Amino acid sequence: GVLSFKAGEAPDFETTTEVTATVTVTDAAGLFDTEEVTVTVTDVNDNPPVFADVNYDITIVENTKGPTLLETTDADAGSTVTYSLSGADAADFEIVNNTLALKQDADFETKTSYAVTVTATDNDGVNLTDQAVTYTITDANDNPPVFADVNYDITIVENTKGPTLLETTDADAGSTVTYSLSG
């Protein structure tokens, strides 16, 4: 005879590592014998990596790279996970020691958000999971005000105050400018 599990009822290593059953054999005369059978269940790589349940919509301040630790688990014993990048801004990111970061410091005045997909693949190369990551960049006051390109060599008639409009711009959002005199 053949001893096997019913269809669809094979044991799952992540649930149980051993199954024990008592097998009884009986002949036509009613004579019987029993034997305890132990089946050891070995693990196969049948589960994909799972990203930790954290918020991957990340806000960082410009002039930083925004490092983000990538955390995954895999239910399969001895499974190793590798990461790869894809998506619109994949070329702007790198992964070093399971940490995702921009290759260059973010500059709000150049780009205000980045989107990338991180793929976690386990050691069989078949089981994989994608995780979308978004970096939203906030502005830092890192740009000086700039005077408008006008001629500030001004000629005025005596006995007048000669008002001159001072025009400046500042690349930083919401920046206010104050003026002082010297010389």
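User: What does Asp-89 touch, not counting residues up to four places away in sequence?
Analyst: Asp-89 touches Lys-111, Ser-113, Tyr-114 and Ala-115. Touching, or contact, means heavy atoms within 4.5 Å. This is a predicted model, where local features need pLDDT of at least 70 and side-chain atom pairs count only at pLDDT 80 or more, while totals for chains, interfaces and linings use all residues. Residues are numbered from 1 along each chain as its sequence is written, and side-chain values use heavy atoms, with hydrogens and water left out.

User: Fine. Is Asp-89 buried or exposed?
Analyst: Asp-89 counts as buried, because its relative accessibility is 10%. The cut-offs are under 20% relative accessible area for buried, over 50% for exposed and partly exposed in between, with a 1.4 Å probe and protein chains only.

User: How many salt bridges does the structure hold?
Analyst: One. The criterion is a side-chain nitrogen of Lys or Arg within 4 Å of a carboxyl oxygen of Asp or Glu. Lys-111 pairs with Asp-89 in this way, with the closest N and O atoms 3.1 Å apart.

User: Switching to sheets. What is the strand order in the open sheet of three strands?
Analyst: The order is E5-E9-E8, with antiparallel pairing. E5 (68-69) and E8 are the edge strands, each pairing on one side only. Two strands pair if DSSP finds at least two bridges between them. E8 and E9 have four bridges in the antiparallel sense. Within E9, Leu-100 is the bridge partner of Ile-95.

User: What about the loop between E8 and E9, which residue lies there?
Analyst: Asn-97 is in that loop. Asn-97 has a positive phi of about 50° although it is not a glycine, and with a relative accessible area of 71% it is exposed. Asn-159 also has a positive phi, of about 70°, and is not a glycine. Asn-159 is in the loop between E12 (146-147) and E13 and counts as exposed at 76% relative accessibility.

User: Now the core. How many residues are in the largest nonpolar core?
Analyst: The largest nonpolar core has 18 residues, and those with the most contacts inside it are Ile-60, Phe-93, Leu-100, Leu-102, Val-118, Val-133 and Tyr-135. A core here is a set of buried Ala, Val, Leu, Ile, Met, Phe, Trp, Tyr and Cys residues joined through side-chain atoms within 4.5 Å. E4 (57-61), E9 (99-102), E10 and E11 (128-138) each give two or more residues to this core. E10 has the largest share of the core, four residues.

User: E10 again. Where does Thr-121 sit?
Analyst: Thr-121 is in E10, which covers residues 113-122. Thr-121 counts as buried at 14% relative accessibility. Leaving aside neighbours within four places in sequence, Thr-121 is in contact with Pro-49, Thr-80, Val-81, Thr-82, Asn-127 and Leu-128.

User: What does the secondary structure of the chain come to?
Analyst: Zero helices and 13 strands. Buried residues make up 19% of the 183 residues. Of the contacts with a separation of 6 or more, 60% are between residues 24 or more positions apart.

User: And what spans does the C-alpha trace have along its principal axes?
Analyst: About 135 × 25 × 25 Å. The protein chain has a radius of gyration of 34 Å, whereas a compact globule of 183 residues would have one near 16 Å. That radius is taken over C-alpha atoms, and the globule rule is 2.2 Å times the number of residues to the power 0.38.

User: Last one. Where is confidence lowest and where is it highest?
Analyst: Confidence is lowest in E13 (residues 168-169), at a mean of 78, and highest in E8, at 97. The mean pLDDT of the chain is 85, and 93% of its residues reach 70 or more; pLDDT is the predictor's confidence in each residue, from 0 to 100.
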